[in-house]
Amino acid sequence: MKINVEIDKEIKAIEVLIRNHEWNEEVQELMERLKEKKRPYFVGRKEEMQHVFRAEEIICLFTEQDSIMVRTKQGTFEMK
């Protein structure tokens with residue numbers, strides 16, 4: 001993936017242009033991420049339980065095998 005940023009004082013609003021040879025999962029994921037609003041909370045799983053926490057509660061993020069893990073004071077949870 002190639003990323004370019006252009007700063008122009010004449011521009012009044014952010015403009016994003018995605019170019020690719022086809023519409024695929026990567027393009028779709030980028031579109032979804034760009035449309036996301038800032039979430040006030042996150043959800044993690046530990047066994048069958050879901051845990052809700054705020055960003056400021058996160059101590060660290062790390063990967064374990066194919067999962068993204070988050071550590072808080074309440075424990076370590078798997079995230080999507």
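Me: Is Arg54 buried or exposed, or something in between?
Reply: Arg54 is partly exposed, at a relative accessible area of 44%. Buried means under 20% relative accessible area, exposed means over 50%, and partly exposed lies in between (1.4 Å probe, protein chains only). This is a predicted model, where local features need pLDDT of at least 70 and side-chain atom pairs count only at pLDDT 80 or more, while totals for chains, interfaces and linings use all residues. Residues are numbered from 1 along each chain as its sequence is written, and side-chain values use heavy atoms, with hydrogens and water left out.

Me: Okay, which side chain meets Arg54 in a salt bridge at 2.7 Å?
Reply: That one is Glu56, with the 2.7 Å taken from N to O. A salt bridge here is a side-chain nitrogen of Lys or Arg within 4 Å of a carboxyl oxygen of Asp or Glu. Arg54 also forms a salt bridge with Glu57, at 3.8 Å from N to O.

Me: Where do Arg33 and Glu29 sit?
Reply: Both are in helix 1, four residues apart, so about one helical turn separates them. Helices are DSSP runs (H or I, at least four residues), strands are too (E, at least two), and they are numbered from the N terminus. Arg33 counts as exposed at 55% relative accessibility, and Glu29 as partly exposed at 42%.

Me: New topic: where is Lys46?
Reply: Lys46 belongs to strand 1, residues 42-46. Its relative accessibility is 41%, so Lys46 counts as partly exposed.

Me: What does Lys46 touch?
Reply: Leaving aside residues up to four places away in sequence, Lys46 touches His51, Thr76 and Phe77. A contact means heavy atoms within 4.5 Å. Lys46 and Met79 are 33 residues apart in sequence, with their C-alpha atoms 9.3 Å apart in space.

Me: Last one: which residues form the nonpolar patch on the surface?
Reply: Met1, Ile3, Val5 and Ile7, with about 560 Å² of accessible area together. Patch residues have over 30% relative accessible area and no salt bridge; like charges are joined within 9 Å, and nonpolar side chains (Val, Leu, Ile, Met, Phe, Trp, Tyr) within 5 Å. Accessible areas come from the Shrake-Rupley method with a 1.4 Å probe, and for residues only the protein chains shown count as cover. Ile7 lies in the segment before helix 1 (25-35) and counts as exposed at 77% relative accessibility.
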